[in-house]
Amino acid sequence: MTTDAGSRLGKLVTQARDAASVLGEEEDKELRRIAFERVLDHLLGNGGGNGSAPQVPAVEPPPKPAREPIDGVLATEQQRVDAAARYFQIEPDEVRELFDLRGEEPDLVVNSGKLSKEMNEAVREIALLVGGVRTAVGLETGSQTIREVADAYGKLDRHYMETLSKAKEIAVLGKPSSRNRLIRMRAIGAEAARPLARRLVA
């Protein structure tokens with residue numbers, strides 16, 4: 001390399017370094033390196049420019065890595081038991097007297113003799129227990145689920161949906177003609193479910 005060529009290259013490197021330095025020390029080091037390389041390539045490809053430092057070409061920052069979705073699943077039986085205990089404000093050991101939480105879908109296992117003898121009231125109690133425990137473990141509740149539990153306990157009659165719709169502790173969503181309407185616990189539903197659970201485990 002001749003002395004003139006070396007001198008010219010040295011000037012171009014200096015110009016490129018000066019141009020990249022406008023990014024400042026607080027900028028990412030890798031970003032300044034990329035800017036320096038691009039400016040130098042630009043100068044070399046255009047015969048060295050006019051001797052003044054060119055504008056730094058736009059440098060796209062490297063893409064951010066995609067975040068993993070948040071995993072909020074209650075993965076173990078103990079996690080589900082603890083969640084139900086907090087919701088109903090009873091002890092974890094008492095939760096197992098009411099629910100089987102070994103699977104992801106909770107099952108009501110309370111002694112049927114502890115539920116109300118009156119059909120409508122028993123359906124309301126089942127709705128509070130099933131809706132409450134499913135809320136506690138992060139599951140939606142459908143009217144079909146409560147219907148199946150009420151039937152298994154021998155508490156199902158033709159007034160079942162009317163009983164649910166009139167219960168002030170829950171909200172029954174969806175169309176009246178739907179076979180599986182969404183059931184949501186109201187705040188007063190949670191308040192009513194807690195003394196019910198405590199009475200059943202007493």
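Colleague: How many of the 18 residues of α5 are buried?

Modeller: In α5, 13 of the 18 residues are buried, so the helix is mostly covered. Buried means under 20% relative accessible area, exposed means over 50%, and partly exposed lies in between (1.4 Å probe, protein chains only). This is a predicted model, in which local features need pLDDT of at least 70 and side-chain atom pairs count only at pLDDT 80 or more, while totals for chains, interfaces and linings use all residues. Residues are numbered from 1 along each chain as its sequence is written, and side-chain values use heavy atoms, with hydrogens and water left out.

Colleague: What span does α5 reach from its first C-alpha to its last?

Modeller: Helix α5 covers residues 119-136 and reaches 26 Å, close to the 26 Å expected at 1.5 Å a residue. The expected span is 1.5 Å times one less than the number of residues. Helices (H or I, at least four residues) and strands (E, at least two) are DSSP runs, numbered from the N terminus.

Colleague: Which residue follows α5?

Modeller: Gly138 follows α5, and its phi is positive, near 85°.

Colleague: Back up a bit. What does the secondary structure of the whole chain come to?

Modeller: Eight helices and five strands. From the N terminus on, the order is α-α-α-α-β-β-α-β-α-α-β-β-α. The chain has 202 residues, and 35% of them are buried.

Colleague: How many residues are in the largest nonpolar core?

Modeller: The largest nonpolar core has 38 residues. Such a core is a set of buried Ala, Val, Leu, Ile, Met, Phe, Trp, Tyr and Cys residues joined through side-chain atoms within 4.5 Å. Phe88, Phe99, Leu108, Ile126, Leu164 and Ile170 have the most contacts inside this core. The elements that each supply at least two of its residues include α3 (77-88), α7 (160-166) and α8 (187-201). The largest share, eight residues, comes from α5.

Colleague: What does Phe88 touch?

Modeller: Not counting residues up to four places away in sequence, Phe88 touches Phe99, Leu128, Leu129, Gly132, Val133, Ala193, Arg194, Ala197 and Arg198. Contact means heavy atoms within 4.5 Å.

Colleague: And Ile170, buried or exposed?

Modeller: Ile170 is buried, with a relative accessible area of 4%. Ile170 sits in strand β4 (residues 170-172). With residues up to four places away left out, Ile170 touches Ala127, Leu128, Leu164, Ile183, Arg184, Met185 and Arg186. Its C-alpha is separated by 9.3 Å from that of Arg124, 46 residues apart along the chain.

Colleague: In what order do the three strands of the open sheet run?

Modeller: The order is β3-β5-β4, and the pairing is antiparallel. β3 (141-142) and β4 are the edge strands, each pairing on one side only. Two strands pair if DSSP finds at least two bridges between them, and β4 and β5 have three. Val172 stands opposite Ile183 in β5.

Colleague: New topic, Asp100. Why does Asp100 count as buried?

Modeller: Asp100 counts as buried because its relative accessibility is 18%, in strand β1 (residues 99-100).

Colleague: Which side chain does the side chain of Asp100 join in a polar contact?

Modeller: The side chain of Arg102, at 2.8 Å. A polar contact is a pair of N or O atoms within 3.5 Å; within protein, one must be able to donate a hydrogen and the other to accept it, and residues adjacent in sequence count only if both atoms are side-chain atoms. Leaving aside neighbours within four places in sequence, Asp100 is in contact with Glu105, Pro106, Asp107 and Val109.
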